[in-house]
Amino acid sequence: MLLHIDATERTPAIELHANPLKLSITGESFPEDVAAFYGQVIHAVGNLSTSASGPLQVEMAMIYINSSSIKAFYRIFEGIEAYRKLGNDVQVVWKAEEDDDIMQELGEDFKDRFKDLNFSIIQHG
């Protein structure tokens with residue numbers, strides 16, 4: 001495992017596995033210090049371009065995310081996009097509760113911003 005962060009009341013669980021290559025982020029995100037929390041995640045995802053190759057599966061299932069965390073997610077998606085630009089296959093699955101319009105719309109925003117990623121939004125619950 002390349003990265004493992006346990007969920008707390010204010011932060012999501014984050015795992016980055018090497019084989020197969022998979023990033024998962026699940027839970028709520030409103031850390032007191034967004035830069036400190038997501039810095040290592042942004043760094044690890046950015047390093048994929050020089051340390052890994054092959055298909056990358058990304059799964060995100062957020063319950064709540066504050067505006068500062070959204071900016072960090074954009075940086076994470078920029079790293080994912082850089083990895084894709086090297087010719088690697090990337091599949092992003094954004095999961096949202098059926099009745100959670102805000103998380104569904106956020107997933108749509110990321111999908112629209114990163115048009116070249118293979119991006120699916122799945123409703124559950």
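Entry 1: I'm working from a predicted model. I started with the strand order and got 1-2-3-4-5-6 for an open sheet of six strands, with mixed pairing. Next I looked up the edges. Strand 1 (3–5) and strand 6 each have a single partner strand, so each has one side left without a neighbour in the sheet. I also noted the twist, which averages 15° from one strand to the next.

Entry 2: How many bridges join strand 4 and strand 5? I found six, in the parallel sense, between strand 4 (residues 56–65) and strand 5.

Entry 3: Which strands does helix 2 touch? My list reads strand 3 (21–29), strand 4, strand 5 and strand 6. The direction of helix 2 makes about 175° with that of strand 4. For helix 3 I listed contacts with strand 4, strand 5 and strand 6. Helix 3 makes about 175° with the direction of strand 6.

**Entry 4: helix 2 against helix 3.** I wanted the angle and the axis distance, since that is how two packed helices are described. Helix 2 (residues 67–85) and helix 3 came out at about 40°, with axes 11 Å apart. The crossing is right-handed. From helix 2, I wrote down Ile70, Phe73, Tyr74, Phe77 and Glu78. They meet Leu106, Asp109, Phe110 and Arg113 of helix 3. I sorted the residues of this contact into six nonpolar and three charged, with no polar ones.

**Entry 5: aromatics.** My search of the whole structure turned up 11 aromatic pairs. I looked up Tyr38 with Phe73: the rings are 5.7 Å apart centre to centre, with 70° between the planes. Stacked or edge-to-face? I logged the pair as edge-to-face, because planes over 60 degrees apart count that way. Tyr38 sits in helix 1 (residues 34–51) and Phe73 in helix 2, so the pair ties together parts 35 residues apart in sequence.

Definitions and conventions: Residues numbered from 1 in each chain as written. Predicted model: local features only at pLDDT ≥ 70, side-chain atom pairs only at ≥ 80, totals over all residues. Heavy atoms only, no water. Axes fitted to C-alpha atoms, helices over the stretch in contact; angles between N-to-C directions. Helix = DSSP H or I, 4+ residues; strand = E, 2+ residues; numbered from the N terminus. Left-handed = near helix turned anticlockwise from the far one by under 90°. Contact = heavy atoms within 4.5 Å. Nonpolar A, V, L, I, M, F, W, Y, C, P; charged D, E, K, R; others polar. Phe/Tyr/Trp six-rings, centres within 6.5 Å; stacked < 30°, edge-to-face > 60°. Pairing = 2+ DSSP bridges.
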